[in-house]
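Good morning, and thank you for making time for this presentation.

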Amino acid sequence: MTTPDPLSLADLARAAGTTFILALFVDLRGKPCAKLVPVEAVDALQTEGVGFAGYAVGAMGQEPKDPDLMAIPDPNSFTPIPFVKEGLALVHCDPHVEGKPWPFAPRNILKSLIARAADAGFEPMVGAEVEYFLLKRDQDGTLVTADVADDAAQPCYDARGVTRMYDHLTTISTAMNQLGWSNYANDHEDGNGQFEQNFQYAEALTTADRVITLRYLLSMIAAERGMIATFMPKPFGDRTGSGLHLHLSLTSNGAAIFPGDPASDGHGLGLSPTAYSFVAGILDHACALQAVVGPTVNSYKRTGALTTASGASWAPRHPTYGGNDRTHYIRVPDGQRVELRGGDGSANPYLAIAAALGAGLDGIARKLDPGPVGAASDGARPLPATLLHAVDDLVVDDVITGVLDAVGDGVATYFADLKREEFFAYHGTVSPWEVQQYLTAF
């Protein structure tokens, strides 16, 4: 049996009519970084990659003196995007330094966790719900809802709100379907100006790539219409925040292993013992996991919200699990998958999926039980109140830090330091709330 030739970027570009390729990767914060490569240089791109000054990129674990990051493209991720610019495509890349995968590169970290899952006999499958707001700036610079008529008290699923944004939503839907992602729904979410556009689940790396690609597409296409697409977890204090909900499952040799018998599984949710242990692992590491799936100061305005103008925050406050109940940290909508609802729009999808997978695999290895449905496990605390609390939980959790250090040591410490600096930069800023609260209070 012969091994098929590897995909050629040149052939893919030629077939798609591509003239320029964005060689793209993200840093630890999720910032998309790229160089624009003409198709005439596609062979060099595939064989050598393209170089970046890593310190200039951002959160990539480098100093100015360090050697170049070489972004090595993955031809399997080649994505024509002529709906952004005619002849444009992007390809996701794996950063290397001096010929070795760079430990601080999120895509490399996820690939390492996928390999770890394979060693345990599993293939991780993931679906992602990308929520976002469409905004614009008023004449005085204030952020407002892009659709000025979107002011209902309960705008979720409003047919009129979807129709008013028809051009934007259908452009994105058509793009996803042309790319083979199988967009199956587009809806107005719970907050004024908030939307969600769904695509079919896939293997873990493919889904993470698609989340990054979709964020890029949403941002660029919205900008062309004078709008701002934001994935900020909580841009408005009185509106529902934006989540990045992850639907997780495992297969073994292609066979689903999450389904079980609800009549005999002890918890009644239709999952297998392996699936319940996977859930238990996530719950056991939930507080540390939040530093990765809710990685910004603003994230904790979402999970800490008691309610919103619409009447519910739709964000978990405790590490619990349950059936088709959206108030839990882990929802079990059916026996095929579990939904992790703790993540938000600021999450780096590579890191979020890797960390959730690492926690779940730990639960399987230890044969953990998640405890009673709907109740926090013994000794479980509420989710962290702030980013600083989450980082404190992260640094003492060997499993989640082990995920971040999967390719090489030092990444977890670097990530924790970044997030502490982010919190203290926020804490050192005097806010309008403080002025209003304290200016004449004493």
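I begin with the second largest pocket, where helix α7 gives the largest share of the lining, five residues. Helices here are DSSP runs of H or I with at least four residues, strands are runs of E with at least two, and both are numbered from the N terminus. Before going further, please note that this is a predicted model, in which local features need pLDDT of at least 70 and side-chain atom pairs count only at pLDDT 80 or more, while totals for chains, interfaces and linings use all residues. Residues are numbered from 1 along each chain as its sequence is written, and side-chain values use heavy atoms, with hydrogens and water left out.

The second largest pocket holds about 230 Å³ of space. Of the 16 residues that line this pocket, N76, S77, T79, T206 and R210 are the closest to its centre. At least two lining residues come from each of β5 (79-80) and α7 (204-224). By class, the lining has five nonpolar, six polar and five charged residues. In this scheme Ala, Val, Leu, Ile, Met, Phe, Trp, Tyr, Cys and Pro are nonpolar, Asp, Glu, Lys and Arg are charged, and the others, Gly among them, are polar.

How is a pocket defined? On a 1 Å grid over the protein atoms alone, a pocket is an open set of points where a 1.4 Å probe fits, with protein on both sides within 12 Å along at least five of seven lines; a lining residue has an atom within 4 Å of a point. Points are joined across faces, edges and corners, and the volume is the space filled by probe spheres set on them.

The largest pocket has a volume of about 850 Å³. It is lined by 38 residues, of which E129, Y184, H247, R331 and R337 are the closest to the centre. Strands β8 (123-137), β10 (183-188), β11 (194-199), β14 (244-252) and β18 (337-340) each provide at least two residues of that lining. Its classes are 13 nonpolar, 13 polar and twelve charged.

Let us turn to helix α14. Which of its residues are buried, that is, under 20% relative accessible area with a 1.4 Å probe and protein chains only? They are V411, A412, F415, A416, L418, K419 and F423.

Leaving out residues up to four places away in sequence, A359 is in contact (heavy atoms within 4.5 Å) with G281, I282, H285, V399 and I400. The C-alpha atoms of A359 and V403 are 8.7 Å apart, although 44 residues separate them along the chain.

In strand β8 sits L134, buried at 1%. Beyond four places in sequence, its contacts include T145, M165, H168, F195 and I228.

Lastly, S313 lies in the loop between α10 (299-303) and β16 (321-322). S313 counts as buried because its relative accessibility is 10%.

Notes: Buried means under 20% relative accessible area, exposed over 50%, partly exposed in between (1.4 Å probe, protein chains only).
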